[in-house]
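Please look at the sequence and the three-dimensional model below before reading on.

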Amino acid sequence: MTRTEYPWLLPSAMADPELPGDRGNRTRRTVRDWAVDITAFLCAAGIGLAAVVAIEADKTTPDVFVLIDSLVGAAACCALWVRRRWPVGLALALTLLSAVEPVAAGAWLVALFSVAVHRPFRPVAFIGAGALLVAPVQPYLRPDPSTSFVASTIIGVLLVLLVLSWGMVVRSRRQLVVTLRERARRAEAEAGLRAERAQRLAREDIAREMHDVLAHRLTLLSVHAGALEFRPDAPPAEVARAAGVIRDSAHEALQDLREIIGVLRGPRDGDGDRPQPTLATLDALVAESRLAGMKVTLDNRIADPAAAPAATGRTVYRIAQEGLTNARKHAPGAEVTVTVSGGPGRGITVEVSNPAPVEPFEQVPGSGQGLIGLTERATLAGGRLDHGPEPDGGFGVRAWLPWSS
């Protein structure tokens with residue numbers, strides 16, 4: 001919650017970003033508080049002076065009583081400076097004092113207003129009930145010659161109810177502002193948590209993407225580098241072809257890595273980004289694997305691959321890519337079959353299978369994290385993925401992804 005531009009215009013309970021009570025019961029008065037306190041003091045003093053003038057006008061009142069009333073009224077007005085710190089005690093004391101001292105009526109009303117603003121309903125109701133009981137006592141003990149007892153009592157009751165109602169309205173408004181401030185603070189905190197979670201999920205997606213992409217490229221490098229190592233007497237044309245595949249794979253790996261690092265460094269521009277793989281680019285992936293020497297059979301039974309949802313098509317592409325990578329690692333020379341079928345409303349089924357290798361080969365290290373990442377990716381997309389050995393000793397990867405109608 002940002003700080004208010006003009007905090008000195010607000011009450012002390014609302015001027016700071018902290019909620020009331022965050023810094024204890026004592027708060028520093030703002031300029032507005034000083035203005036309100038001075039105004040309340042002057043109003044109470046004006047009412048007290050008016051009462052003193054009315055008492056002095058009564059010739060039957062001794063001068064000593066007028067002096068005592070004046071001193072008591074001044075003390076009651078001065079006591080208003082502690083009304084923010086002890087509103088209940090001050091209101092209770094002035095309620096009892098006003099029963100016998102009409103000069104303290106102004107300070108009494110200000111104290112009632114303060115307790116209604118700064119305290120909850122229960123103490124306000126208790127003090128308000130006491131004030132209503134005291135309202136007829138003062139005109140009975142110290143009657144005003146110019147006003148009847150009934151009129152004085154009615155005026156006193158109405159003033160008490162008016163002041164208490166006004167104070168509770170002010171308190172309700174402040175509570176509303178504080179509640180809105182707390183909601184805004186919680187909303188900002190929740191927005192920060194959502195942003196952090198989105199960043200974490202984006203990093204996880206980028207990490208999975210990096211594994212899927214680079215594992216495919218680096219496996220090509222490993223296979224062809226191993227072929228050159230174990231067959232130094234290969235024909236020059238085959239050596240040149242393997243070196244070309246190594247060069248192209250290294251170049252593509254660098255391009256993919258540069259793209260991912262670009263995503264990590266800043267937001268994408270959109271126009272200059274490389275297009276993401278989709279179901280329509282599955283033919284290019286198979287062609288690349290065939291160029292690397294793999295035997296791949298693609299059975300794509302989807303009539304319009306470009307119509308598939310982009311996210312679903314990209315997931316199918318990554319599943320096929322990881323399946324081809326695993327076959328290249330663990331079953332070199334074996335024929336790999338990639339089958340894609342489905343349509344709108346039925347979903348997309350993709351299967352990558354290969355038989356057991358028939359010739360000895362150099363094992364390429366792998367951690368199995370690719371299949372784990374693919375399983376998570378398929379689950380997040382609303383589908384499922386299974387993988388495992390086949391009865392004939394081969395290996396298969398099968399996945400189903402939703403495609404809404």
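In this model, 5 strands form an open sheet in the order S1-S2-S3-S5-S4, and the pairing is mixed; two strands count as a pair if DSSP finds at least two bridges between them. Strands (E, at least two residues) and helices (H or I, at least four residues) are DSSP runs, numbered from the N terminus. Strand S1 (295-300) and strand S4 (384-389) stand at the edges with a single partner strand each, so one side of each is left without a neighbour in the sheet. On average, and with direction ignored, neighbouring strands of this sheet are turned by 10 degrees against each other.

The model is predicted, so local features need pLDDT of at least 70 and side-chain atom pairs count only at pLDDT 80 or more, whereas totals for chains, interfaces and linings use all residues. Residues are numbered from 1 along each chain as its sequence is written, and side-chain values use heavy atoms, with hydrogens and water left out.

| Strands | Bridges | Direction |
|---|---|---|
| S2 (residues 335-343) and S3 (residues 347-354) | 7 bridges | antiparallel |
| S3 and S5 | 7 bridges | antiparallel |
| S4 and S5 | 6 bridges | antiparallel |

S4 and S5 form a hairpin with 5 residues between them, and in the turn glycine 393 has a positive phi of about 95 degrees.

Helix H10 (residues 282-291) touches S1 and S2, and its direction makes about 165 degrees with that of S1. Helix H11 (residues 310-330) touches S1, S2, S3, S4 and strand S5 (395-401), and the direction of H11 makes about 5 degrees with that of S3.

Helices also pack against one another. Two packed helices are described by the angle between their axes and the distance between the axes. The axes are lines fitted to C-alpha atoms, for helices over the stretch in contact, and the angles run from 0 to 180 degrees between N-to-C directions.

Helix H2 (residues 31-57) and helix H3 (residues 63-79) pack at about 170 degrees, with their axes 10 Å apart. H2 and H3 are therefore roughly antiparallel to each other, a term used for angles over 145 degrees. Among the residues that make the contact are Phe41 and Glu56 of H2 and Val66 and Asp69 of H3. By class, this contact of H2 with H3 has 8 nonpolar, 1 polar and 2 charged residues; Ala, Val, Leu, Ile, Met, Phe, Trp, Tyr, Cys and Pro count as nonpolar, Asp, Glu, Lys and Arg as charged, and the others, Gly among them, as polar.

Helix H5 (residues 105-118) and helix H6 (residues 121-134) pack at an angle of about 160 degrees, with their axes 10 Å apart, and H5 and H6 are therefore roughly antiparallel as well. Their contact is made by Trp108, Leu112, Val115 and Ala116 of H5 together with Val124, Ile127 and Ala131 of H6. By class, the contact of H5 with H6 has 7 nonpolar, no polar and no charged residues.

Finally, the structure holds 3 salt bridges, each a side-chain nitrogen of Lys or Arg within 4 Å of a carboxyl oxygen of Asp or Glu. One of them joins the side chains of arginine 186 and glutamate 182 (3.2 Å, N to O). Both residues lie in helix H8 (residues 149-230), 4 residues apart, about one turn of the helix.

Terms used:
Angles under 35 degrees count as roughly parallel, over 145 as roughly antiparallel, 65 to 115 as roughly perpendicular and the rest as oblique. Contact means heavy atoms within 4.5 Å.
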